[in-house]
Amino acid sequence: MTLIDLANPTRFLALTARVLPWLAAATVILLAIGLYQSALAPDDYQQGATVKIMFIHVPNAWLSMFVWGVMSIASLGTLVWRHPLADVAAKAAAPIGAAFTFLALLTGSLWGRPMWGTYWEWDARLTSVLILFLMYLGLMALWRAVDDPSRAARAAAVLTLVGAINLPIIKFSVDWWNTLHQPASVMRMGGSALDKSFLIPLLVMAIAFTLLFVTLHLAAMRNEILRRRVRSLQMMQASRIAFSSESGSRGESASNEVGAA
Amino acid sequence: MSLGPYAAFIVTSYAAAAAVVAVLIGWIVLDYRSQTQRLRELEERGITRRSGRSATELR
């Protein structure tokens, strides 16, 4: 099956039906391994046991940006290639991305209180991620505000691509401004600054959360395709009712005219 | 495994992550059931796709 075959929603549904159980199983297994390794990870010499919060905070923070990246590619698919599943992918990803961003903010805040002495600080990294979260909510509101999915798709695609400007700002905010948030320690020039005892559980959890996203995204896309089928069948039903009532009233008026003649 | 003096922050973080992921999974599962149910109801009323195939058909 090639990528172009997936442009057919029925083929896409068949693929998800086959793939989803395997993806879900792989996600559960990797999450279990990641959680086990996180539990066994030693305390950090500065952070103590709160380093364990990093094993869920960092994957969620990565995914908050990754999901917007996926939505941006899907938006290009909507605007440039008019791929039939592109806007389905973008719409289905938004609530999942919002949930990951919310978790990144919440777990970061819960780590910040004992380590920084505050739940929140208006520094560049935290503020730009909060803006990302608000943009996810705005995008979800936009999808709900416009009834016609194809019209909503174009507006949402433009907003998503404009919002993508925030991604490099989030990534480089810790380098460009003097922030309370620490600079990159995993993906940076010269290799990771983390010890293997922290790096391995972190990477396992990151892969597990990414698989979780892929699983949830495919399932949400399947739901969106079914929702659009419901909509088109309801429109078909409405047009049938309108047609039958119109032809009924026409027949009635015609018989009245015959009677009058 | 000792979580030290900040155990409440650690446990709350993991519990919140579990709760949010559970809500996401629950929402997706319930949405799937709701959409397939609505499609079945429409098909029972004789409203079918132009192709004649069932709208809930996955293969």
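Which residues of α1(B) are buried? In this predicted model, the buried residues of that helix are B:Phe9, B:Ile10, B:Ser13, B:Ala17, B:Leu24, B:Ile28, B:Gln35, B:Leu39 and B:Leu42. Helix α1 of chain B covers residues 7–44 and meets helix α2 of chain A, residues 51–81.

**Interface between the chains**
- Contacts between the two chains involve 26 residues of chain B and 34 residues of chain A.
- On the side of chain B that touches chain A, 18 residues are nonpolar, five are polar and three are charged.

**Packing of α2(A) with α1(B)**
- The axes of these two helices come within 9 Å of each other and cross at roughly 20 degrees.
- Angles under 35 degrees count as roughly parallel, and α2(A) and α1(B) are therefore roughly parallel to each other.
- The crossing of α2(A) past α1(B) is left-handed.
- From α2(A), the contact draws on A:Lys52, A:Ile53 and A:Ile56, while α1(B) contributes B:Phe9, B:Ile10, B:Ser13, B:Tyr14 and B:Ala17.
- By class, the residues of this contact comprise six nonpolar, one polar and one charged.
- B:Phe9, B:Ile10, B:Ser13 and B:Ala17 take part in the contact and are also among the buried residues of α1(B).

**Length and end of α1(B)**
- The 38 residues of α1(B), at 1.5 Å a residue, should span 56 Å; the C-alpha atoms at its ends are 55 Å apart, which agrees with that expectation.
- Just after α1(B), B:Gly46 adopts a positive phi of about 90 degrees.

Terms used: Residues numbered from 1 in each chain as written. Chains lettered and ligands numbered in written order. Predicted model: local features only at pLDDT ≥ 70, side-chain atom pairs only at ≥ 80, totals over all residues. Contact = placed C-beta atoms within 7 Å. Nonpolar A, V, L, I, M, F, W, Y, C, P; charged D, E, K, R; others polar. Axes fitted to C-alpha atoms, helices over the stretch in contact; angles between N-to-C directions. Helix = DSSP H or I, 4+ residues; strand = E, 2+ residues; numbered from the N terminus. Parallel < 35°, antiparallel > 145°, perpendicular 65-115°, else oblique. Left-handed = near helix turned anticlockwise from the far one by under 90°. Expected span 1.5 Å × (residues − 1). Buried ≥ 20, exposed ≤ 12 C-beta atoms within 10 Å, placed from the backbone.
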